[in-house]
Amino acid sequence: MATSRRDFLKVAAIGGGAATVLGFDLAPAYAQLRELKIARATETRSTCPYCSVSCGVIIYTLGDKAKNVTPQVIHVEGDPDHPINRGTLCPKGASLEQDILNPRRLLKPQVRRPGGTDWEDIPWDTALTEIAQRVKKSRDETFVEKDAMGRTVNRCEGIAFTGGCTDTNEFNFLVVKAMRSLGVCYLENQARV
Amino acid sequence: MTNGWIDIKNTDMMLIMGGNPAENHPCGFKWAIEAKRNRNAKMIVVDPRFTRTASTADLFLQIRAGADIAFLGGLIHYAIENDRIAKDYLLNYTNAAFVVKEGFKLPEDGLYSGFDPAAHTYDKATWNYEEGGDLTGKAVAAEAPHKPAPVPAPAKPGQTPPPAPALPPNVAHDLALQHPRCVFQLLKKQYSRYTPEMVERITGIPKDQFLKAADLFTSIRKNGDMKKAATIIYAVGWTQHTYGTQIIRTAAMMQLLMGNVGRAGGGVNALRGHSNIQGATDMAGIFDNLPGYLKVPNPADTDLAAYLKRITPTPSKPGQWDSFNYWSNTPKFVTSLLKAMYGDAATKQNNFAFDYLPKVDRNYSWTNIWDNMYRGSVKGIFAFGMNGVMIGPDTQKNIDALKKAEWLVVGEIYPDETSEFWRAPGITADEKKNIKTTVYRLPCAGFAEKDGSMTNSARWLQWKNAALPPPGDARLDQDIVAQIFLRVRDLYKKEGGKFPDPILNLTWPYTDPQHPSLTDIAKEINGKALADLTDPATQQTTKTGQQLPGFAWLKDDGTTSCGNWIYCGSWTEAGPLVARRGTEDPSGLGIYPNWAWSWPANRRVLYNRASCDLDGKPWDPQRRQVWWNEAAQKWVGNDVPDFKADSHPKDHLGPFIMNPEGVGRLFVPLGAVSDGPFPEHYEPFESPIQNPLHPNQSNNPVVKKLTTAADKFGTPEQGFTVVCTTYRLTEQYHYWTKNNPMNVQLIPEPFVEIPVELASEIGVRGSEKIKVTSARGTYVAKAFVTRRIKPMTIDGKKVYQIGVPIHQGFRGIAEDAERNARTPANLLSPTVIDPNAYTPEFKGFLVKVEKA
Amino acid sequence: MSQATLGIRAISGHAGSVPGAGVERGLEVCKLIDTTTCIGCKACEVACLEWNGLTFSETTFDNSYQTMPETSWNYWNLIKFNEHEREDGSMALLMRKDQCMHCEEPGCLAACPADGAIVQYVNGIVDFQQDHCIGCGYCITGCPFNIPKFSPTARKVFKCTLCNDRVTQGLEPACIKSCPTGCLHFGSKTDMKDLADKRAAQLREHSGFANAGVYDPPGVGGTHVIYVLHDSTNPEAYGGLPKNPTIPLTVQLWKTPLKWLGNLAIIGGLIGVFAHYLRFGPKIVEEDENGKQGARQ
C-alpha cells in the first residue's frame, strides 16, 4: 500500500491546441500540468506529534465530509498561520502522511499467552475483561494499607503505568485519576527519560 | 522554557549546550536563525560533537560529555572576575545578599557540610539562611574555623524523623555583598576553583578557546550595559547525567548573575524532547507529583492539614522586602484537585478524601519500575505509547525484567520492542516457552485520529482536531483506559477487595462513560465553581457549575474543583482558549497573546517583572514586555505580568513569585536540591579520569547504585576507555519513524560516529562494521568515520568520544527486512540516575570500540 | 483540471512559433538557497517526495548523513553533505540542497531533440513533459549540474518541476514551504537576488566570511535557483557545485551550426513514431509500476 503512489501525471492540457491524428497528438500540448491534488480536499488543523515545538499541521483528507465518504489522508503540510512553524516542517513532520497511512499500523487486539511463541487474536471485550481481572488480582495481592510504622499509605506496589510522549493532557489526567485511585505509585512517563 | 520558541528571535547572544536544536527541534531553531539574520545575534555551541547546530554557530567548542558544570562554573568565575554581571538585578532580584548559616561548608573536598556516607545523603541543616536583619556595612567577626556538623543517627524503623528545618522568615542580608557568608561571596569562592586551566583539564576545551567563548558570551554585560539579553538553550544533553539538575542550575545561576531571566531574548530554555512531555510533567504523569507540581503526599502526612503544612511554604526574605510566595495558595490547589477527583465523596469531614491518595516515601521512578520488576515485586505493567525496552537504560535488564512480570498491557500504533520482548534477538524457542508473561497488545489511535490538547515546550496548550477515524479495530486511547477502569470498578462493586473506596468514588462525570470525550476532560481539568462565588475585589461572580475563569478563583473549602491549577483558565465560560487561532502580534516580540493559551494565566515569558528595573521600567525600551503604569497604579504590558498586578515597585516585591524568597536562587537552601546548594562538578559514573577537583570524591556522593546482578559498571582499567554518548538524529524520531518508509530511506541503517583517529587505530574505514561494548552489552553498527569529533586531552590523558544514535531496534521496516543488526543502542547504557530528577545517565558512559 | 496560465518561452526540438515567446509577460520566479543557514535536516527532501508522490528507494549508509550519492529519477532534491576544514583549522559541515537549477539558458532544453519534451515557461521554470520525452538522454549530457535522470522503468527522464502545479496556483514549491530555518526562500528573481546580496554582505561584515557571495552562474545565463555561499570562491566544496557551469560544447554545436541536423532528426523521429503506431497501435495511458491507476488505499 505505501509504495503505491499517486498517478504520476494526471494531466491537463494547456498551451498549443491538440489535433488528434491516428491517436497521436501531432501538435504537442506544450505544457501539461498536474492538477493541484489538495484543491478540494478537507483541511483539518492538527498538531505534529513529534517534538516539543508542536508545529501546526494541516491534514488533507479525501472527500468533503459528505456522508458517503470515508476520509483518508492524502497529504499533510505545515499550517502557515501557526506562529511558531509558519508552515514549515522538519523531515519527520513532513512525512506524517506516511505515519497515518502506514501498512504497519496495528489493527486488532492481540495476546501472547504464557509460553506462547506467537500472537493470537483476541476480541476487544475478552482482552479488556482479562486485563481488568489481572489488575484487580495484582492490586489485591500487593496493596499496602499501612506501612511498617503503622501509618496509612494505601498504595498498590505491584502495578506500574508508563505513559508516552504524545498522550494528550486529557488522556494523562484520566490516567492520573484512574491510577492514583488504584493506589499506583509506579506512575511514570517518557517525561522522566 | 522560561521564554518561548519565537522569543529566541529577540536575543543578542545564544549559548546552545546540552542540546542540538537544529536536529531535534528544527522548526523552533528557525528563531535562532532569525536572531542571527535580523539582529546579528551570536551563537555559541558547546557539544561533544560538531553537530548540525554547530554548523550554523559563530563559535563551536568540543566538550567532553559530562563536563558541563566545569564549563559553566568557569563562565561564572569569568563573569565575576571581569565584572560582566548585572549588579542591580543581582542585588535585588536574587538571593546574592542573603547570609548563609554558620557551619555551611563548600565542597573543596567534594562534600558539602552534613554528609552521611552510610546513607549517601546530606543533613541539610546548615544549608539554610541565617535568621536576622540588615547586616549591610556591619563589621563581621572573623570566621571561626569550620567544625564538621554532627552527623545525625539514621532514623530507625518505627521512629518518626524529626521535623525538617524551615527557612527563616526574616533573612540576614548584606546589601554591600561583603559578608563572607553572603551568597555572593560563597558563590565567588565556590567558582574561584573553576579557573580556565581547571576548565581545560576537565572539559578538554583549550584555555584560549574557553576564554574566547567566555568573553563573547559575557560581552553583552560590558560596562554595565543592561539592554542586551542572552539566552541559554539546552535539552536532554544536560538532564541525562547523575548531576543533570545541577548542570541546569549552573546555567540558571549564570543567567541570574547576568540578569537574563524574565527578559525577552533571555531565560533558561529547556527544549523538551517530545510533543507533550511538558504536558505530561504538568499533569504529573510522574510518581513524585500530583497535577500542577504539587508534591505527592508521604506517610508522615497523617492528615490533610499535616500534608498542606509540609508542602505550603512561608515567606523567607529580608524584612524590608516583600515576597508574594504564590505557593502559599497550595491548599486551594490541593483541595480543588481532590474535589475534581472525588467529587461529593471529598468532604471537609473526611479531609477531602486525602486518604484515598497513595502515600509515597521512596523512589518509584522509571529505573525503579524495572529494577523492582526484575526483583519480582512489580507484577503488571501498562505501556501506552511508551517503548520501555528501547528507551532503557540497560535494555537487557528491562527485557529480563519483563520476563518476570505476570502481565504487560501495551497500547501502541506499531509493533514495538516492548510488546515483543519475548522474541527479542537471542531468545531461543525453548526460552520463549519459559517466559510466563501474558502480553496484551491493544491497537490505539494515532495523533491524527484524536483530538485533545498537548503542551509544547513554551507552555502553550494547543487543541488539535481529529481528521479521520482510527484504522481497523483500533480504538481511542482514552476509551481503552476508561473501558479497563470501568471493568475494574465493576469487579470491586461485585466482589469487593482491598480498599475499594477510591475506586468506587472516583468521579467519572463524562457524557458517555465508556467513551469519555476529551472536551469533557479538558473542562474538568480547568475546573468549575461548586457554589456561587464572588470576587471581593471586582464583584465579578461565577455561578455554581460554571467554568472557572482562572486559578485566582480556587478555594480551599471545597467550593471549587480543578484538575490542574496551572491549567485553570484554559477552558472557561468563554470556551476553549486552547483552541484560539489569533495571529496578531502587536508588540512584534512574538508574544501572540491570542494564539492558543499558555500557563500560567496566558503569560508567555515567566518572571517578566525582572525585565524591568527597580522602578518598573524595561531594561531595554526596545523590547517592552511589561511595565509599571504609575497613572493606573498597576503593571501592564504586551505580555500578562507574571506578578502581583498592583504591587508598586517601591514595595520591592520580588519578581520570582514562586520562590518563598521572592528572588532567584543562586544558593538553593535546604533540600530542594539534594546534592548541594551550589552545583559542583562530579564525574560521570563511568569516567576516564578521577575528578581533578577532588580525586577522592569523583562522583556525585548522593547517587546510589542499584544492586542487582544486571547492574554492572566498567572502568578504564577494564579497557572501557572511550566516552560514549547517545542521541537522536534529525531524520528519525525515537523508535517511531523506523516504521515510516520515508524516514527509513533518509537514515536506513544504524551507525556509530567515531573520530578519524580512533578509526585508524582500530583499522576501520567508513561504513565498515564496528562493535561497541560496555559493561552491560554490545552494539554492532557501521562506522561513521568523521572529523566532526576530535580526540581530546582530558586531565593530560588522550580520550576519544563516540556517538551512538538510538533509533534502530528489532522491529521496524529495516529491522524486519534484517537490514541491520537488530540491537538497541540502550543495551550499552547504565542504570544510574540523577538524584533530583531521577533521569538516567545516557550521556558520557564508557565503552570499548573494536572492528566487528 | 488546472487552468494554468503559464506561458511558454522556449520549447525543445521545436521548429516554428512558440506560444508565449515575446508575447506573455510573466513574473520570473526564483528559489534562494542560503547554505549558511541550512541545517541539513532534509525536510525539503521529504516535502518533495510527499508532494510529488515519488516512490521510495532502498538506500544504504555511506559514511555520511547524505541520503544517496546523487539525485535520481525519483529523488529530485538532495542535500549534499561535506565535512570541510577551514584554513584556520575550524570545522565546517557544508550542506547544500541539490536540485534542478532552472537555468535561464537551459542546456537540457538545448540538447533535447524531442519536440515539446522540455519547455521553459516565461516565469523561468524549466519543465520536462514526459509525454513527449523519447528517453534519448541527451538532456543529461546537456546539463552542467548532473540533474536530469533516466528512469529505466518509465524509460523517460525526470527532474524537479519547481512544483509548477503549486506555483501555477499561486503556492510556493513544497521544499520552500517546509524549510524549517528559512534557508530556502521563494519569490521573484529580482527580490531573491536582492535578499541574497544583502545576506552575503551581512556574512562578510558580521560573521567573518570575507568571501561570502551569491551563486547565479552567468555561463548558463543565470539560474532560477541561486545560492548564498560562505565562500563563493570555492563552490566545488559544496558537493561539487561547478565553478563556472556552461552548456557543453557538443550541445552548443548541435543547437547552432548543426541545427539542420537536429531538424532532420525530428522528422526522423516523426517517421519513427508513425512506424511505431503501425506496429503497436494507439498509445494508451501509462500505468504506474503497480499497475494501479492512482490507487490510494
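1. In chain B, 72% of the contacts with a separation of 6 or more are between residues 24 or more positions apart, two residues being in contact if their C-beta atoms, placed from the backbone, lie within 7 Å. This is a predicted model, in which local features need pLDDT of at least 70 and side-chain atom pairs count only at pLDDT 80 or more, while totals for chains, interfaces and linings use all residues. Residues are numbered from 1 along each chain as its sequence is written, and chains are lettered from A and ligands numbered from 1 in the order in which they are written.

2. Of the 852 residues in chain B, 61% are buried, a residue being buried if 20 or more other C-beta atoms lie within 10 Å of its own. The C-alpha trace of chain B spans about 75 × 70 × 60 Å along its principal axes.

3. Chain B contains 22 helices and 31 strands, taken as DSSP runs (H or I, at least four residues, for helices; E, at least two, for strands) and numbered from the N terminus. Its radius of gyration is 27 Å, close to the 29 Å of the globule rule for 852 residues, so chain B is as compact as a globular protein of that length; the radius is taken over C-alpha atoms, and the rule is 2.2 Å times the number of residues to the power 0.38.

4. The axes of helix H6 (residues 196–203) and helix H7 (residues 207–218) of chain B come within 9 Å and cross at roughly 115°, which makes H6(B) roughly perpendicular to H7(B) (65 to 115 degrees).

Technical notes:
Buried ≥ 20, exposed ≤ 12 C-beta atoms within 10 Å, placed from the backbone. Axes fitted to C-alpha atoms, helices over the stretch in contact; angles between N-to-C directions. Parallel < 35°, antiparallel > 145°, perpendicular 65-115°, else oblique.
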